[in-house]
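This report describes how two chains meet and how selected residues are placed within them. The sequence and structure are shown first.

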Amino acid sequence: MTSPADQSVKRPVERPLSPHLQIYRPQITSVLSILHRMTGVGLTLLMMLIVAWVVSLAMGEAAYGEFISLMQHPVAQVMLFGLTFAFFYHLCAGIRHLLWDAGYFLSIESVKSTGNIVVGVSVLTTLGIWTKLVVYEGICPWLM
Amino acid sequence: MADVTSGLRSPIGRARGLGSAKHGTEHWWGMRLSSLALIPLSLYLLYGVFAAVVFGNGYTTAYVWMQSPINAAAVILYLAIGLHHTAHGLQVVIEDYVHSEAKKIFLLLAVNASCGLLALAGILASLKIMLGA
(Lines give C-alpha, C1' and ligand atoms only; values in the text may rest on other atoms or scores of the structure.)
Protein backbone atom coordinates (compact mmCIF):
# COMPACT_ATOMS: atom_id res chain seq x y z
CA MET A 1 0.00 0.00 0.00
CA THR A 2 1.60 3.25 -1.10
CA SER A 3 1.48 6.17 1.32
CA PRO A 4 0.08 9.56 0.26
CA ALA A 5 3.66 10.86 -0.02
CA ASP A 6 4.57 8.20 -2.61
CA GLN A 7 1.42 8.84 -4.62
CA SER A 8 2.15 12.53 -5.11
CA VAL A 9 5.59 11.79 -6.57
CA LYS A 10 4.48 9.56 -9.45
CA ARG A 11 1.16 9.19 -11.27
CA PRO A 12 -1.26 6.77 -9.58
CA VAL A 13 -1.44 3.41 -11.35
CA GLU A 14 -4.33 3.37 -13.84
CA ARG A 15 -6.53 0.44 -12.96
CA PRO A 16 -9.66 -0.62 -14.90
CA LEU A 17 -13.01 0.17 -13.30
CA SER A 18 -15.77 -2.44 -13.48
CA PRO A 19 -18.79 -1.10 -15.41
CA HIS A 20 -21.49 0.36 -13.18
CA LEU A 21 -23.33 3.09 -15.08
CA GLN A 22 -23.93 0.70 -17.99
CA ILE A 23 -25.22 -2.01 -15.65
CA TYR A 24 -27.45 -0.61 -12.92
CA ARG A 25 -30.87 0.74 -13.82
CA PRO A 26 -31.38 4.31 -12.56
CA GLN A 27 -33.65 4.25 -9.50
CA ILE A 28 -35.42 6.91 -7.53
CA THR A 29 -32.84 6.54 -4.74
CA SER A 30 -29.71 6.91 -6.85
CA VAL A 31 -31.09 9.52 -9.24
CA LEU A 32 -32.41 11.80 -6.49
CA SER A 33 -29.15 11.43 -4.61
CA ILE A 34 -26.91 12.45 -7.49
CA LEU A 35 -29.36 15.20 -8.41
CA HIS A 36 -29.00 16.59 -4.88
CA ARG A 37 -25.23 16.66 -5.35
CA MET A 38 -25.39 18.19 -8.82
CA THR A 39 -27.86 20.90 -7.80
CA GLY A 40 -25.64 21.64 -4.81
CA VAL A 41 -22.65 22.21 -7.04
CA GLY A 42 -24.76 24.20 -9.49
CA LEU A 43 -26.05 26.45 -6.72
CA THR A 44 -22.49 27.71 -6.18
CA LEU A 45 -23.29 29.80 -9.22
CA LEU A 46 -26.32 31.25 -7.44
CA MET A 47 -24.13 32.24 -4.48
CA MET A 48 -21.78 34.02 -6.87
CA LEU A 49 -24.71 35.82 -8.50
CA ILE A 50 -26.04 37.00 -5.16
CA VAL A 51 -22.62 38.38 -4.25
CA ALA A 52 -22.42 40.06 -7.66
CA TRP A 53 -25.87 41.56 -7.11
CA VAL A 54 -24.94 43.04 -3.72
CA VAL A 55 -21.56 44.31 -4.90
CA SER A 56 -23.03 45.94 -8.01
CA LEU A 57 -25.73 47.52 -5.83
CA ALA A 58 -23.01 48.99 -3.60
CA MET A 59 -21.10 50.25 -6.61
CA GLY A 60 -23.86 52.54 -7.78
CA GLU A 61 -26.64 52.86 -10.32
CA ALA A 62 -24.49 52.39 -13.44
CA ALA A 63 -22.89 49.16 -12.23
CA TYR A 64 -26.23 47.85 -11.02
CA GLY A 65 -27.88 48.65 -14.35
CA GLU A 66 -25.16 46.73 -16.17
CA PHE A 67 -25.63 43.72 -13.92
CA ILE A 68 -29.40 43.72 -14.42
CA SER A 69 -29.16 44.05 -18.18
CA LEU A 70 -26.67 41.17 -18.18
CA MET A 71 -29.26 39.09 -16.31
CA GLN A 72 -31.88 39.97 -18.91
CA HIS A 73 -29.96 38.29 -21.71
CA PRO A 74 -31.78 35.13 -22.92
CA VAL A 75 -28.85 32.87 -22.02
CA ALA A 76 -28.77 34.31 -18.50
CA GLN A 77 -32.50 33.80 -18.12
CA VAL A 78 -32.31 30.16 -19.19
CA MET A 79 -29.58 29.81 -16.58
CA LEU A 80 -31.78 31.51 -13.96
CA PHE A 81 -34.60 29.12 -14.80
CA GLY A 82 -32.26 26.19 -14.24
CA LEU A 83 -30.99 27.74 -11.01
CA THR A 84 -34.57 28.17 -9.76
CA PHE A 85 -35.18 24.46 -10.20
CA ALA A 86 -31.79 23.67 -8.63
CA PHE A 87 -32.64 25.86 -5.64
CA PHE A 88 -36.05 24.35 -4.93
CA TYR A 89 -34.89 20.81 -5.60
CA HIS A 90 -31.84 21.14 -3.33
CA LEU A 91 -34.04 22.76 -0.65
CA CYS A 92 -36.69 20.02 -0.71
CA ALA A 93 -34.19 17.16 -1.00
CA GLY A 94 -32.15 18.79 1.77
CA ILE A 95 -35.18 18.88 4.08
CA ARG A 96 -35.73 15.20 3.21
CA HIS A 97 -32.12 14.51 4.26
CA LEU A 98 -32.60 16.35 7.55
CA LEU A 99 -35.77 14.34 8.24
CA TRP A 100 -33.82 11.15 7.57
CA ASP A 101 -31.13 12.30 9.99
CA ALA A 102 -33.83 12.77 12.60
CA GLY A 103 -35.01 9.22 11.92
CA TYR A 104 -38.19 9.84 9.95
CA PHE A 105 -39.34 8.42 6.59
CA LEU A 106 -36.65 5.75 6.45
CA SER A 107 -38.79 2.87 5.12
CA ILE A 108 -38.53 2.09 1.44
CA GLU A 109 -42.13 3.17 0.81
CA SER A 110 -41.51 6.51 2.50
CA VAL A 111 -38.31 6.96 0.53
CA LYS A 112 -40.28 6.56 -2.68
CA SER A 113 -43.20 8.73 -1.65
CA THR A 114 -41.09 11.54 -0.19
CA GLY A 115 -38.90 11.31 -3.28
CA ASN A 116 -41.90 11.87 -5.51
CA ILE A 117 -43.07 14.75 -3.31
CA VAL A 118 -39.64 16.41 -3.54
CA VAL A 119 -39.52 16.19 -7.32
CA GLY A 120 -43.15 17.25 -7.66
CA VAL A 121 -42.82 20.29 -5.39
CA SER A 122 -39.59 21.41 -7.08
CA VAL A 123 -41.00 21.14 -10.59
CA LEU A 124 -44.29 22.78 -9.69
CA THR A 125 -42.79 25.73 -7.82
CA THR A 126 -40.24 26.36 -10.59
CA LEU A 127 -42.90 26.25 -13.29
CA GLY A 128 -45.31 28.28 -11.18
CA ILE A 129 -42.81 31.06 -10.46
CA TRP A 130 -41.58 31.27 -14.02
CA THR A 131 -45.06 31.18 -15.50
CA LYS A 132 -45.92 34.16 -13.31
CA LEU A 133 -42.72 35.91 -14.34
CA VAL A 134 -43.02 35.30 -18.06
CA VAL A 135 -46.77 35.64 -18.51
CA TYR A 136 -47.69 38.26 -15.93
CA GLU A 137 -44.51 40.29 -15.48
CA GLY A 138 -43.17 40.08 -19.01
CA ILE A 139 -39.72 39.09 -17.83
CA CYS A 140 -38.75 37.39 -21.08
CA PRO A 141 -39.77 39.61 -24.00
CA TRP A 142 -37.60 37.53 -26.32
CA LEU A 143 -39.77 34.50 -25.56
CA MET A 144 -43.09 36.07 -26.52
CA MET B 1 8.65 1.26 20.99
CA ALA B 2 4.89 1.70 20.55
CA ASP B 3 3.49 4.24 22.97
CA VAL B 4 0.41 2.75 24.62
CA THR B 5 -1.34 6.08 24.92
CA SER B 6 -1.25 6.69 21.15
CA GLY B 7 -3.82 3.93 20.67
CA LEU B 8 -3.64 1.30 17.95
CA ARG B 9 -1.79 3.36 15.35
CA SER B 10 1.81 2.37 14.63
CA PRO B 11 4.51 5.06 15.02
CA ILE B 12 5.07 5.14 11.25
CA GLY B 13 1.32 5.55 10.72
CA ARG B 14 1.23 8.42 13.15
CA ALA B 15 4.28 10.04 11.51
CA ARG B 16 2.71 9.78 8.04
CA GLY B 17 -0.53 11.27 9.29
CA LEU B 18 -2.58 8.22 8.37
CA GLY B 19 -5.94 7.53 9.95
CA SER B 20 -8.82 9.81 10.81
CA ALA B 21 -8.52 13.50 10.06
CA LYS B 22 -10.68 14.03 13.15
CA HIS B 23 -12.81 16.80 11.65
CA GLY B 24 -15.46 14.58 10.12
CA THR B 25 -18.10 14.87 12.81
CA GLU B 26 -17.69 18.63 13.06
CA HIS B 27 -18.02 18.88 9.29
CA TRP B 28 -21.15 16.73 9.30
CA TRP B 29 -22.82 18.62 12.11
CA GLY B 30 -21.83 21.95 10.57
CA MET B 31 -23.64 20.94 7.40
CA ARG B 32 -26.82 20.03 9.34
CA LEU B 33 -26.78 23.33 11.24
CA SER B 34 -26.10 25.45 8.18
CA SER B 35 -28.79 23.58 6.24
CA LEU B 36 -31.34 24.27 8.97
CA ALA B 37 -30.43 27.95 9.14
CA LEU B 38 -30.47 28.30 5.38
CA ILE B 39 -34.05 27.05 5.02
CA PRO B 40 -35.72 30.21 6.34
CA LEU B 41 -32.82 32.50 5.33
CA SER B 42 -32.71 31.50 1.71
CA LEU B 43 -36.48 31.57 1.32
CA TYR B 44 -36.72 35.03 2.88
CA LEU B 45 -33.85 36.32 0.78
CA LEU B 46 -34.83 34.88 -2.50
CA TYR B 47 -38.26 36.34 -2.02
CA GLY B 48 -36.82 39.72 -1.05
CA VAL B 49 -34.21 39.94 -3.78
CA PHE B 50 -36.75 38.72 -6.26
CA ALA B 51 -39.32 41.27 -5.24
CA ALA B 52 -36.73 44.05 -5.26
CA VAL B 53 -35.45 43.16 -8.70
CA VAL B 54 -38.65 42.18 -10.46
CA PHE B 55 -41.14 44.64 -9.04
CA GLY B 56 -40.28 48.29 -8.58
CA ASN B 57 -37.95 50.50 -10.49
CA GLY B 58 -34.71 48.62 -10.14
CA TYR B 59 -31.88 50.42 -8.42
CA THR B 60 -33.77 52.58 -5.95
CA THR B 61 -36.09 49.81 -4.78
CA ALA B 62 -33.21 47.42 -4.34
CA TYR B 63 -31.07 50.03 -2.54
CA VAL B 64 -33.84 50.97 -0.13
CA TRP B 65 -34.52 47.28 0.50
CA MET B 66 -30.85 46.72 1.37
CA GLN B 67 -30.76 49.68 3.73
CA SER B 68 -33.22 48.08 6.12
CA PRO B 69 -31.11 46.55 8.94
CA ILE B 70 -33.18 43.36 8.89
CA ASN B 71 -32.53 42.82 5.21
CA ALA B 72 -28.85 43.69 5.51
CA ALA B 73 -28.52 41.27 8.44
CA ALA B 74 -30.34 38.58 6.45
CA VAL B 75 -28.02 39.06 3.47
CA ILE B 76 -24.91 38.97 5.65
CA LEU B 77 -26.08 35.84 7.48
CA TYR B 78 -27.08 34.19 4.23
CA LEU B 79 -23.69 34.89 2.63
CA ALA B 80 -21.68 33.80 5.66
CA ILE B 81 -23.66 30.62 6.35
CA GLY B 82 -24.41 29.87 2.71
CA LEU B 83 -20.82 30.19 1.53
CA HIS B 84 -19.66 28.08 4.47
CA HIS B 85 -22.21 25.45 3.42
CA THR B 86 -21.05 25.76 -0.20
CA ALA B 87 -17.39 25.37 0.73
CA HIS B 88 -18.04 22.29 2.87
CA GLY B 89 -20.29 20.77 0.21
CA LEU B 90 -17.74 21.31 -2.57
CA GLN B 91 -15.03 19.94 -0.31
CA VAL B 92 -16.88 16.63 0.00
CA VAL B 93 -17.38 16.45 -3.76
CA ILE B 94 -13.70 17.16 -4.44
CA GLU B 95 -12.58 14.58 -1.90
CA ASP B 96 -14.84 12.01 -3.56
CA TYR B 97 -13.84 12.51 -7.16
CA VAL B 98 -10.29 13.89 -7.28
CA HIS B 99 -7.69 11.21 -6.71
CA SER B 100 -4.45 13.06 -7.35
CA GLU B 101 -3.18 14.43 -4.04
CA ALA B 102 -1.73 17.59 -5.58
CA LYS B 103 -4.88 18.44 -7.55
CA LYS B 104 -7.05 17.74 -4.51
CA ILE B 105 -5.06 20.06 -2.26
CA PHE B 106 -5.02 22.81 -4.88
CA LEU B 107 -8.77 22.55 -5.52
CA LEU B 108 -9.62 22.51 -1.84
CA LEU B 109 -7.50 25.60 -1.24
CA ALA B 110 -9.04 27.35 -4.25
CA VAL B 111 -12.60 26.55 -3.19
CA ASN B 112 -12.16 27.58 0.42
CA ALA B 113 -10.31 30.77 -0.50
CA SER B 114 -12.90 31.73 -3.12
CA CYS B 115 -15.81 31.18 -0.77
CA GLY B 116 -14.06 33.24 1.89
CA LEU B 117 -13.37 36.08 -0.53
CA LEU B 118 -16.90 36.02 -1.92
CA ALA B 119 -18.32 36.21 1.60
CA LEU B 120 -16.01 39.11 2.44
CA ALA B 121 -16.95 41.02 -0.71
CA GLY B 122 -20.66 40.51 -0.15
CA ILE B 123 -20.58 41.42 3.52
CA LEU B 124 -18.53 44.56 2.92
CA ALA B 125 -20.89 45.63 0.14
CA SER B 126 -23.93 45.06 2.38
CA LEU B 127 -22.38 47.09 5.19
CA LYS B 128 -21.49 49.86 2.77
CA ILE B 129 -25.08 50.13 1.61
CA MET B 130 -26.62 49.86 5.07
CA LEU B 131 -24.29 52.46 6.57
CA GLY B 132 -24.74 54.68 3.54
CA ALA B 133 -20.99 55.01 3.00
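## Basis of the description

Contact here means heavy atoms within 4.5 Å. The model is predicted. With that cut-off, the buried residues of helix 3 of chain B pack against helix 2 and helix 3 of chain A, and also against helix 2 (24-54), helix 4 (69-97) and helix 5 (101-131) of chain B.

## Helix 3 of chain B

Helix 3 of chain B spans residues 59-67, and its buried residues are B:Tyr59, B:Ala62, B:Trp65 and B:Met66. Viewed down the helix axis, these buried residues fall within an arc of 135 degrees, so they line one face of helix 3 of chain B.

## The interface between chains A and B

The size of an interface is often given as the accessible area lost when the parts come together. Between chain A and chain B, the buried area is about 3200 Å², with carbon and sulfur atoms giving 80% of it. On the chain A side, the residues that lose the most area to chain B are A:Arg37, A:Met47 and A:Trp53, which together account for 19% of what that side buries. In terms of contacts, 32 residues of chain A meet 41 residues of chain B.

The two chains also share 5 residue pairs in polar contact, counted where both residues are at pLDDT 80 or more. The elements of chain A that give two or more residues to the side touching chain B are helix 1 (4-9), helix 2 (28-59), helix 3 (61-71), helix 4 (74-101) and helix 5 (108-136). Helix 2 of chain A gives the most, with 14 residues. By class, this side of chain A has 23 nonpolar, 5 polar and 4 charged residues.

## Salt bridges

Side chains of opposite charge can pair when their charged atoms come close. Over all chains, the whole structure holds 3 salt bridges, and the count between chain A and chain B is 2.

One salt bridge links B:Asp96 and A:Arg37, whose closest N and O atoms are 2.6 Å apart. Because B:Asp96 lies in helix 4 of chain B and A:Arg37 in helix 2 of chain A, the pair joins two chains. B:Asp96 is partly exposed, with a relative accessible area of 38%, and A:Arg37 is partly exposed at 23%. Another salt bridge is formed by A:Asp101 and B:Arg32, with the closest N and O atoms 2.5 Å apart. Here A:Asp101 belongs to helix 4 of chain A and B:Arg32 to helix 2 of chain B, so this pair also joins two chains. A:Asp101 counts as partly exposed, at 39% relative accessibility.

Within chain B, B:Lys104 forms a salt bridge with B:Glu101, the closest N and O atoms being 4.0 Å apart. Both residues lie in helix 5 of chain B, 3 residues apart, about one turn of the helix. B:Glu101 is partly exposed, at 26% relative accessibility.

## Two buried residues

A:Thr84 lies in helix 4 of chain A. Its relative accessible area is 15%, so A:Thr84 is buried. A polar atom of the A:Thr84 side chain lies 2.6 Å from the backbone oxygen of A:Leu80. Not counting residues up to four places away in sequence, A:Thr84 touches A:Thr126 and A:Trp130.

In chain B, B:His27 is placed in helix 2. B:His27 has a relative accessible area of 17% and is therefore buried. Leaving aside its neighbours within four places in sequence, B:His27 is in contact with B:His88, B:Gln91 and B:Val92.

Conventions. Residues are numbered from 1 along each chain as its sequence is written. Chains are lettered from A and ligands numbered from 1 in the order in which they are written. This is a predicted model: local features need pLDDT of at least 70, side-chain atom pairs count only at pLDDT 80 or more; totals for chains, interfaces and linings use all residues. Side-chain values use heavy atoms; hydrogens and water are left out. Buried area is the accessible area (1.4 Å probe) that two parts lose on being put together, summed over both. A salt bridge is a side-chain nitrogen of Lys or Arg within 4 Å of a carboxyl oxygen of Asp or Glu. A polar contact is a pair of N or O atoms within 3.5 Å; within protein, one must be able to donate a hydrogen and the other to accept it, and residues adjacent in sequence count only if both atoms are side-chain atoms. Helices (H or I, at least four residues) and strands (E, at least two) are DSSP runs, numbered from the N terminus. Ala, Val, Leu, Ile, Met, Phe, Trp, Tyr, Cys and Pro count as nonpolar, Asp, Glu, Lys and Arg as charged, and the others, Gly among them, as polar. Buried means under 20% relative accessible area, exposed over 50%, partly exposed in between (1.4 Å probe, protein chains only). The arc is that of the directions from the helix axis to the C-beta atoms.
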